[in-house]
Each structure stands twice: as structure tokens, then as C-alpha cells.
Amino acid sequence: MIRSILLISALGAASACLAQTLPATDKVTDRHVHLMSPRMIKLFKDVSIPFSRPDADYSDISVLQERLGTKRIHLLSMAYLYGHPEFGKVENEADLVRAENDYVAAARKTAGKHTRFYCGVNPLRDYALEEVKRCSERLKADGIKLHFNASQVYLTVPEHVARVRPIFEFAASEKLPIVLHFDNTHRRFGEPDVKILASQILAPLKPIRLQIAHFGTSGGFNSRTRAVIEGFIAELEKNRDFAKHRIYFDISAVALDKDSEGVPKLTDEQFSELAALIRRLGTHRIVFGTDYPLYSVPQYLNILKSRVRLTDKEIRKILSN
Ligand SMILES: [Zn+2]
């Protein structure tokens with residue numbers, strides 16, 4: 001399960017063989033990047049999750065910028081992993097969550113004006129709302145990252161909806177965008193969850209910007225990806241109170257050209273099915289992200305171009321959203 005939460009894998013040398021008509025790598029905004037504190041790295045290592053690169057590649061913002069090829073980065077804190085059952089129990093979870101968010105916020109400071117910080121929190125915890133408020137007020141967070149798989153959030157459970165709603169309400173009132181890893185990997189996850197998100201959480205809110213990570217799943221591409229996206233398309237078409245929001249889907253970790261920690265790479269046929277789904281959804285709904293450390297910017301752009309076979313015009317549109 002952890003292995004699909006963070007698709008850690010080796011990064012090859014950044015290749016720059018992109019067409020001239022695409023923007024230079026350093027002009028690209030990567031909206032899905034993970035930076036970890038040394039303490040978070042230790043948490044992974046303590047449960048024997050291998051890291052293929054030196055620690056600095058995951059924890060040092062300047063190394064990360066270098067490897068990604070851009071400074072236009074949205075850093076998503078993974079603070080919600082503290083207290084996750086697969087990492088074992090921690091004594092002072094709320095303190096560790098705060099420290100992790102502090103670490104990512106501090107990295108943004110040194111990173112320059114194009115870097116954004118997203119505060120990570122498990123919405124089911126008692127301290128969740130307090131922490132997002134602290135992130136907003138004290139750390140000047142640019143957004144909130146929620147991970148429904150790591151936090152095992154089931155919108156089909158009314159108590160979970162009651163916990164998630166105040167976070168969204170706060171985001172709407174403060175105009176904070178949310179990046180949501182929506183998939184909780186339950187076998188029944190899909191259309192019912194999309195409906196609840198749309199009607200019970202988002203419909204009553206003032207418009208917010210919501211970025212659904214990895215096309216709504218936990219990475220890769222299969223029939224489930226299609227079902228989730230189709231569920232969103234149906235809701236966007238019929239539910240005006242939902243469609244008033246700025247809903248985007250990030251393509252990070254979807255177009256895998258290598259197996260990644262349990263998620264299989266796409267077949268040629270799946271790459272073309274993905275291209276068809278992208279066109280059905282509309283490139284105006286899609287944003288770019290690498291899920292670093294999974295890929296660098298040039299590597300992933302190259303996949304969109306040569307494997308998914310998007311046109312430069314389509315890629316440029318995605319990059320502009
Ligand atoms: Zn991610």
C-alpha cells in the first residue's frame with residue numbers, strides 16, 4: 001500500500017530531446033512534486049522501503065530543482081503519512097505533522113517566487129482543521145494536499161464526509177486550492193465517491209480550485225481510471241453546482257513507461273486509450289505534474305509526446321492550465 005502512495009523510483013539523466021515548439025523545461029510548472037524532510041525519509045527506510053537515490057534528491061530543494069529541470073514547482077507535503085498504520089504508531093503525531101509542514105514551507109522560502117507549498121494533513125484526525133488553519137495563517141500555505149488512500153477516507157461513510165467537509169469549507173473561504181489524491185483503493189471506489197464529493201462536499205461551497213491527482217486513481221491507467229474520469233464528466237455535465245468549481249485532473253503518474261512500485265507500465269494499446277480519454281475529458285481540464293521523484297519534467301514531457309502521442313499543441317494547452 002505504501003508503495004503505491006509514493007511511487008519512488010530511479011530517475012535517469014534528464015533528457016532534453018523535446019520538440020522546439022514546447023516550452024523550455026525551466027518554464028514548465030510542475031504541479032505535483034514531493035519533498036520530504038530527513039525525518040520522513042527515515043520513516044520510509046525504517047520500514048525497508050528502498051530509496052534509489054541519495055537522500056538529498058528527496059529532501060534538498062536545490063537538488064530537487066536541478067533534477068526536475070524547473071523551479072516552478074508545487075511542493076506537496078506528505079505530512080499525512082505520520083500515523084499511517086504501515087509506518088507503525090508514532091507518539092506525537094500532531095507534532096510530527098506540523099514539523100513536516102514546517103519543513104516543506106521552509107523549502108519554499110529558499111526556492112524562489114515560483115515555488116508553492118501545499119500543506120499535508122489527514123482530514124480524519126482531530127487536529128486536521130487546526131493544522132490547515134496554522135498552515136494558512138502561520139506558514140502562508142498556497143494550498144492543501146489530501147490523500148484519501150494514505151488517510152483511508154471513505155466518502156461513503158457519513159462520518160468521513162463530516163470530517164472532510166470543514167477542510168473544504170476552510171479552503172473555499174480562504175481561496176486555497178486543494179490537491180486531492182481521491183482513490184482510497186477500496187474495490188468499490190468510483191462513481192458513488194465522485195457523486196458524494198460533487199453533491200455533498202463541493203456543491204454548497206463557494207468556487208474553489210480542485211486538482212484531482214493522477215486522474216483520480218493511484219497511478220497507472222486501466223478501466224478504473226476510465227470509470228472515475230467518466231464519473232467526473234457525467235457530474236460536470238449535469239451538476240451545475242459542481243461545475244462552477246475549477247476542477248482539474250493532474251496527469252502525474254498516469255502515463256507510466258516503467259513499472260513503478262506495484263503499478264504496471266502501460267501497454268501501447270493503453271497509451272492510445274489514454275490519449276483518447278484525454279481528448280474526451282478535454283485538455284482544458286488537465287494539468288501537468290511529474291509526481292517527482294517518479295520522473296523529471298523532460299522525461300515526463302517526452303512520454304506525453306512520444307508514448308501518449310499528444311500533439312505539441314495539446315501539451316502546450318495542458319502546460320498552460
Ligand atoms: Zn504524489
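## A loop residue to start from

Lys-175 sits in the loop that connects H7 with E5. Helices (H or I, at least four residues) and strands (E, at least two) are DSSP runs, numbered from the N terminus. This is a predicted model, in which local features need pLDDT of at least 70 and side-chain atom pairs count only at pLDDT 80 or more, while totals for chains, interfaces and linings use all residues. Residue numbers start from 1 along each chain as its sequence is written.

Is Lys-175 buried or exposed? Lys-175 is exposed, with 11 other C-beta atoms within 10 Å. With C-beta atoms placed from the backbone, a residue is buried if 20 or more other C-beta atoms lie within 10 Å of its own, exposed if 12 or fewer, and partly exposed in between.

Most residues other than glycine have a negative phi, and most peptide bonds are trans. Lys-175, although not a glycine, has a positive phi of about 55°. Phe-215 is also not a glycine, and its phi is positive, near 60°. Phe-215 belongs to the loop between E6 and H9 and counts as buried, with 29 C-beta neighbours inside 10 Å.

Look next at Tyr-292 and Pro-293: a cis peptide bond joins them, with omega about 15°. Pro-293 is found in the loop between E8 and helix H12 (297-306).

## The sheet

Strands of a sheet pair through backbone hydrogen bonds, either parallel or antiparallel. Here, eight strands form an open sheet with parallel pairing, in the order E1-E2-E3-E4-E5-E6-E7-E8. Strand E1 (30-34) and strand E8 (286-287) stand at the edges with a single partner strand each, so one side of each has no neighbour in the sheet. Two strands pair if DSSP finds at least two bridges between them.

Strand E3 (residues 116-120) runs parallel to E4 and is joined to it by three bridges; Tyr-118 stands opposite Gly-143 in E4. Strand E4 (residues 143-147) is mostly covered, with five of its five residues buried. Gly-143, Lys-145 and His-147 point one way from E4, whereas Ile-144 and Leu-146 point the other way. Strand E5 (residues 178-181) and strand E6 (residues 209-212) also run parallel, joined by three bridges, and Leu-180 has Ile-212 in E6 as its bridge partner.

## Two helix pairs

Helix H6 (residues 128-137) packs with helix H7 (residues 158-174) at an angle of about 20°, and their axes are 9 Å apart. Axes are lines fitted to C-alpha atoms, for helices over the stretch in contact, and angles run from 0 to 180 degrees between N-to-C directions. H6 and H7 are therefore roughly parallel to each other (angles under 35 degrees count as roughly parallel, over 145 as roughly antiparallel, 65 to 115 as roughly perpendicular and the rest as oblique). Their contact includes Leu-129 and Val-132 of H6 and Ile-167 and Phe-170 of H7; two residues are in contact if their C-beta atoms, placed from the backbone, lie within 7 Å.

Helix H8 (residues 191-202) and helix H9 (residues 223-238) pack at about 35°, with their axes 9 Å apart. Among the residues making this contact are Val-194 and Ala-198 of H8 and Val-228 and Phe-232 of H9.

## A link across the chain

Thr-156 lies in the loop between E4 and H7 and counts as partly exposed, with 14 C-beta neighbours inside 10 Å. Which residues does Thr-156 touch, not counting residues up to four places away in sequence? They are Pro-192, Asp-193 and Ile-196. Thr-156 and Pro-192 are 36 residues apart in sequence, and 7.5 Å apart in space from C-alpha to C-alpha.
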